[in-house]
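Hi! Here's the structure I promised to pass on. Have a look at it first, and then read my notes below.

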Amino acid sequence: MDGGPTRSSGAHRSTRWWARRFVIASVVAVQITAVVAAYGTTHTPLGWQMFPASDEWEAEIVRVTVDGERRDIRDPWPGGVQWSTVVRNHGLADPFRRHPATYGIETTLDFLEGALEWVAHHTPDDSETIRLEAVVTYWENGRGPHRAVLVSSDREEAAR
Amino acid sequence: MIAAAARRVAALSTSIDGEGDIRAVELLRMAAGPLVILHLAPFLALALDGVAYSDRFTEPYLSVYPAVGPALYFAILWVGVAAAAFLSLGFATRVAAATTAAVVGYNLLLSRTHFSNNRFFLLVLLVGLALLPVGRRWSIDAARRRRRGLPAADSRTGLWPLLLMRFEVATVYLASGTSKLIDADWWGGTVTRLRVVQWQDAVADGGVPGWLLDIAKSPEFHSWFAKAAVLTELAIGLGLVLRRTRLGAVWLAVPFHVSIELAASVQVFSYAALAALVIWVTPEAGDRTVVIRGSTPVARLVSRSVRRLDWTGRFALTTPAGKGPLVSLVDRNGVETHGAAAVRRIASRLPLTFWVAAPLNLPPARALWDRVTARVFGPASGRPTADAAAPEPPAR
């Protein structure tokens, strides 16, 4: 894409001349880094790994109460919390049936772990749940089933 | 070898400082507004119900990222909608472009749960538009200048932001294709086959016959289909970068994105990727001349088509008196074509007819077109002028 009149001569290189090169070099460096990093981390912006896998997953998620009971999160929850209302993105709203993991199972497990933690600490009216647990069954491109257990940190509201 | 590398670096350096006419990119600007509004629609729907991002599971990229309260968040989203509308209309274009990019970027980076490749692709395009003066030709800004009696703003500008946009868009195809190429499950067809299996009920409900679904689920089919998909993606990426193959790559990208849109839910990605193809138009306006002689209905039709459909500014149009072929085209390298051949080449450079007309320039179709349409447009002929011996214009 060269050609056309140029603004800078070789003799005099303005601040703009250097600034343009700095911006372009920075963007190229960031972009290449993101593409490479996407092979080692989940949901990397600018990684451009489209339709990376056909993994599937399903999960049973329970509230572990202070008296040791394990209650399905679909059952009534103190404070009227509904999992599917507060956790929406990336197929996490309905974890109970087998369905595709949008950006691969690693990303889904990462999001689900974050969701357990977020919900555990954004339900102040719940004084009986000490933690949330998810038992995840997943298939990596048809291979499996594999199993993973994800656990939120303990809630201070219930421990008190 | 070192000398060749040095020449390439010098050529790249010259490209960075080059100037050109970017009126074609204004088409992307016009498309960007509706795409942004479509992209923001789910967030706006929640906002209308009083639900902000912070009312649901969120996961910030950075703990220091400036989070805002619901009221301000809703206001930011609506500012984004207004800015997107202004961007498409070309009203206060540069401010609108920067605001749109800022709102979309802010919202995307608020939470990792907002992540999707197609949303970041849209953001990349918006940042590119914000860096380019894309409201100088077809915009309310340009109309206001005309009404005030001011001369039209020059569509020529520094091309380095366009260079960056091209780099980013080509990287999307190349990075995506490469990640599939080195993934044994992708290359072998497992990933695409399982996608079909996962959605087979919906596909069957959509009226696809059983026998076709059986083929679409078979490992043998996918062992070939997956390779074709990966190689197509890589061919588009590589083809766009190389000037000689660019037209073919743009042509291939059209069915590629249409098929993705039909087969998968990718939000605004397909539309954004199709609109973004205009960034590969050579940033030089009117460097081909269409010559139309006479006032026959056919001459008027060709003249009107060029005037109305040349949205990327490829042609300068002249209508000289005197005898000669009904329609002629003088290409940017000086090559002249006449009659059916000229019409074929003109149609292959108009956005609306490009996809159908471009293959007509390939040998078997070319001969057939020239023979069939010779009676309408005149016999196809062409000869290089003296200028054609000159070197090719610079790669753009």
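This is a predicted model: local features need pLDDT of at least 70, side-chain atom pairs count only at pLDDT 80 or more; totals for chains, interfaces and linings use all residues.

**What I found**

A:Thr44 is buried, with a relative accessible area of 16%; buried means under 20%, using a 1.4 Å probe and protein chains only. You'll find A:Thr44 in the loop between helix H1 (15-37) and strand E1 (56-65) of chain A. Helices (H or I, at least four residues) and strands (E, at least two) are DSSP runs, numbered from the N terminus. Leaving out residues up to four places away in sequence, A:Thr44 touches A:Ala34, A:Ala37, A:Ala38 and B:Phe115, where contact means heavy atoms within 4.5 Å.

Residues are numbered from 1 along each chain as its sequence is written, chains are lettered from A and ligands numbered from 1 in the order in which they are written, and side-chain values use heavy atoms, with hydrogens and water left out.

Now for the interface. Chain A puts 50 residues into the contact and chain B 58 residues. About 4,900 Å² is buried between the two chains, with carbon and sulfur atoms giving 61%; that's the accessible area (1.4 Å probe) that two parts lose on being put together, summed over both.

Four salt bridges cross between chain A and chain B, each a side-chain nitrogen of Lys or Arg within 4 Å of a carboxyl oxygen of Asp or Glu. B:Arg112 forms one with A:Asp110, their closest N and O atoms being 3.3 Å apart.

Cheers!

How values were computed
Buried means under 20% relative accessible area, exposed over 50%, partly exposed in between (1.4 Å probe, protein chains only).
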